[in-house]
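Q: I would like to learn how to read a protein model, one feature at a time. Where do we begin?

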Amino acid sequence: MSLDELAKQLHDKVTRGLTLSAEEQAQLEAWYTEQDQQECAVLGPMGSSQRLATLHTQVETALAQLLTVTQRIQELTVHNETLRREIAVLQCQLPLVSTRESA
């Protein structure tokens, strides 16, 4: 059995409330330390609180951009509706102009 598998079994025992021997406890603590180091390596040099702050800033920026785009879409929707009404009025006037020219 690999050390990783053994450590996972020891971790399982502890989470179930079973008691470990001093040697098992030391092995488990060493495994926890190794897991923490691997996690830090994956997360990079930035600490988790700094990473969280960066992500929070990115979310705030994205939300601000989304709000701007949403407002622009609403403005364009109102403008398009105005243009549609104007086009409808002009289309209604078009047959009147055609009949006057024919006469």
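A: Begin with a definition: a residue is buried under 20% relative accessible area, exposed over 50%, and partly exposed in between. At 26% relative accessibility, Tyr32 therefore counts as partly exposed.

Q: Is Trp31 buried or partly exposed?
A: Trp31 has a relative accessible area of 14%, so Trp31 is buried. Of the 103 residues of the protein, 5% count as buried.

Q: How many aromatic pairs does the structure hold?
A: The structure holds 1 aromatic pair. Trp31 and Tyr32 form this pair, with 5.9 Å from centre to centre. Planes under 30 degrees apart count as stacked, over 60 as edge-to-face and the rest as tilted. The planes of Trp31 and Tyr32 are 45 degrees apart, and the pair is tilted.

Q: How many helices and strands does the protein have?
A: There are 3 helices and 0 strands. Along the sequence, the pattern reads α-α-α.

Q: What confidence does the model carry?
A: This is a predicted model. The mean pLDDT of the protein is 88, and 89% of the residues reach 70 or more. Confidence is lowest in helix α2 (residues 22–43), at a mean of 88, and highest in helix α1 (residues 3–15), at 91.

Q: Which residues make the nonpolar surface patch of about 280 Å²?
A: Val59, Leu63 and Leu66 make this patch. Val59 is found in helix α3 (residues 48–102). Residues in a patch need over 30% relative accessible area. Val59 has 45%, so Val59 is partly exposed.

Methods: Residues numbered from 1 in each chain as written. Predicted model: local features only at pLDDT ≥ 70, side-chain atom pairs only at ≥ 80, totals over all residues. Heavy atoms only, no water. Patch = residues over 30% accessible without salt bridge, like charges linked within 9 Å, V, L, I, M, F, W, Y side chains within 5 Å. Areas by Shrake-Rupley, 256 points an atom, 1.4 Å probe, with all protein chains shown as cover. Salt bridge = Lys/Arg side-chain N within 4 Å of Asp/Glu carboxyl O. Helix = DSSP H or I, 4+ residues; strand = E, 2+ residues; numbered from the N terminus. Buried < 20%, exposed > 50% of the residue type's maximum accessible area, 1.4 Å probe, protein only. pLDDT = per-residue confidence, 0-100. Phe/Tyr/Trp six-rings, centres within 6.5 Å; stacked < 30°, edge-to-face > 60°.
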